[in-house]
Amino acid sequence: MGEKQQRLAFEFRQHRGSAGLHRAGCQTRRIPCPVMADDVLDYSQPGPFTSLDATQLQLIESLPDDPVGICAAAQGLVIQPADATAVGIGEARLAEKNIRPVSELIAALIALGPSPLHQARTPETRVIGTCRHFATIACAFLRARGIPSRARCGFGTYFLEGCGVDHWITEYWNADQRRWVRVDTEHLGKTYVEHPEDLASGEFLTGGEAWVQYRQGLVDGQKFGVAGVDFAWGPAEISGNVVRDLAALCKREMLNWDEWGRMTDAYQGKTGPDYDELIDEVADACSKDDPPTLTRLFAREHLAVPHGMAG
């Protein structure tokens, strides 16, 4: 876990200063795949941050056909900021981790080298990003193939014993099994968990799932946060990820450190029961996968992503 702690500490100290972070919740559920009639939440179609242009679509034609293979290809395109620094990549490139749209991440990759996107790249020819970038690039590739998929914001429970550590993963819809399959795209082939290609119940908690457990007294909210960052632990970290996961479910996959609405107030301890009740409502909606409710909530004050951040 030392390596993971260093990575997360590096990422968030660069961006959060003395502020706070995200939310949790995750399980594999056997539910109908939600698709809205107007395609707003058709997860087989790209959103603002997961759209690729015609040239980029040609570049992914050689990707594997299976969802896990597609996620594995995405894994080979990203390098964590701390790892980039360790291999001598210059500080000027660290700004790549602030890129939200996958199309811009792909453009950065092509500028770094002409290697096909289905081949793992050398460290210096990978784009610098976080767990969010691994998950969202995979999501973009899956959607480009018409495979329903989502990036999810929450907490991994397999990095630090007894803790939920801020993390993003990818989900894809398995039509035969009628369930969302959760893939830890960043850690495929690694040993943090036995099956990163199909996370077991409780191994990853979306923001909403972690919030529900916290509110029911099933978990200690102080044990959820960012490894290696002392100030980024506590219930506000969970509530922040609840809002980020709502945005991701509404196809706005924000950066780990993006804050809007009342997030900053929550991190600073300036919210009360009314905000907790709002987060209760969001967590419940995310668990039910009801597109009209999700989009209605996402349009509300304190939850909607500001125009300048929305892409």
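Leaving aside its neighbours within four places in sequence, Arg93 is in contact (heavy atoms within 4.5 Å) with Leu112, Glu124, Arg126, Val127 and Ile128. The structure is a predicted model, in which local features need pLDDT of at least 70 and side-chain atom pairs count only at pLDDT 80 or more, whereas totals for chains, interfaces and linings use all residues. Residues are numbered from 1 along each chain as its sequence is written, and side-chain values use heavy atoms, with hydrogens and water left out.

Arg93 is placed in the loop between helix H4 (81-86) and helix H5 (102-112). Helices (H or I, at least four residues) and strands (E, at least two) are DSSP runs, numbered from the N terminus. Arg93 counts as buried because its relative accessibility is 18%; buried means under 20% relative accessible area, exposed over 50%, and partly exposed in between, with a 1.4 Å probe and protein chains only. Its side chain reaches the backbone oxygen of Glu124 at 2.9 Å. This is given as a polar contact, a pair of N or O atoms within 3.5 Å; within protein, one must be able to donate a hydrogen and the other to accept it, and residues adjacent in sequence count only if both atoms are side-chain atoms.

**Aromatic pairs and charges over rings**

Six aromatic pairs are found in a search of the whole structure. Rings of Phe, Tyr and Trp (its six-membered ring) pair if their centres lie within 6.5 Å; planes under 30 degrees apart count as stacked, over 60 as edge-to-face and the rest as tilted. The pair of Tyr43 and Trp180 is edge-to-face, because the ring planes stand at 80 degrees, with the centres 5.9 Å apart. This pair links distant parts of the chain, 137 residues apart: Tyr43 is in the loop between helix H1 (2-16) and helix H2 (54-59), and Trp180 is in strand S5 (residues 179-183). Both Tyr43 and Trp180 are buried.

Another edge-to-face pair is formed by Phe155 and Phe224, with 5.3 Å from centre to centre and 85 degrees between the planes. Here too distant parts of the chain are linked, with Phe155 in strand S3 (residues 149-156) and Phe224 in strand S7 (residues 224-225), 69 residues apart. Phe155 is buried, at 0% relative accessibility, and Phe224 is buried with a relative accessible area of 5%.

Tyr43 and Trp180 also belong, with Trp173, to one aromatic cluster. Arg150 lies over the face of Tyr43, 5.0 Å from the ring centre, and the charged end of Arg150 sits over the ring of Trp180 at 3.8 Å from its centre. A charge sits over a ring if NZ of Lys or CZ of Arg is within 6 Å of the ring centre and within 35 degrees of the ring normal.

**Salt bridges**

A salt bridge is a side-chain nitrogen of Lys or Arg within 4 Å of a carboxyl oxygen of Asp or Glu. By this rule there are 16 salt bridges, including those tabulated below.

| Pair | N to O distance |
|---|---|
| Asp258 and Arg100 | 3.0 Å |
| Glu171 and Arg182 | 2.6 Å |
| Asp274 and Arg262 | 3.1 Å |

Asp258 and Arg100 are both buried.

Glu171 is in strand S4 (residues 164-174) and Arg182 in strand S5, so this pair ties together parts that are 11 residues apart in sequence. Glu171 and Arg182 are each buried. A network of salt bridges links Arg150, Arg152, Glu171, Arg182, Glu209, Asp245 and Asp289.

Asp274 belongs to helix H10 (residues 273-288) and Arg262 to the loop between H8 and H9, 12 residues apart. Asp274 counts as partly exposed, at 48% relative accessibility, whereas Arg262 counts as buried, at 17%.

**Helix H7**

The buried residues of H7 are Gly207, Gly208, Glu209, Ala210 and Trp211. What covers them includes S3, S5, strand S6 (204-206), S7, H8 and H10. Val212 is found in helix H7 (residues 207-215) and is partly exposed, with a relative accessible area of 33%. Val212 and Ile279 are 67 residues apart in sequence and 9.4 Å apart in space, C-alpha to C-alpha. H7 is followed by Gly217, whose phi is positive, near 75 degrees.
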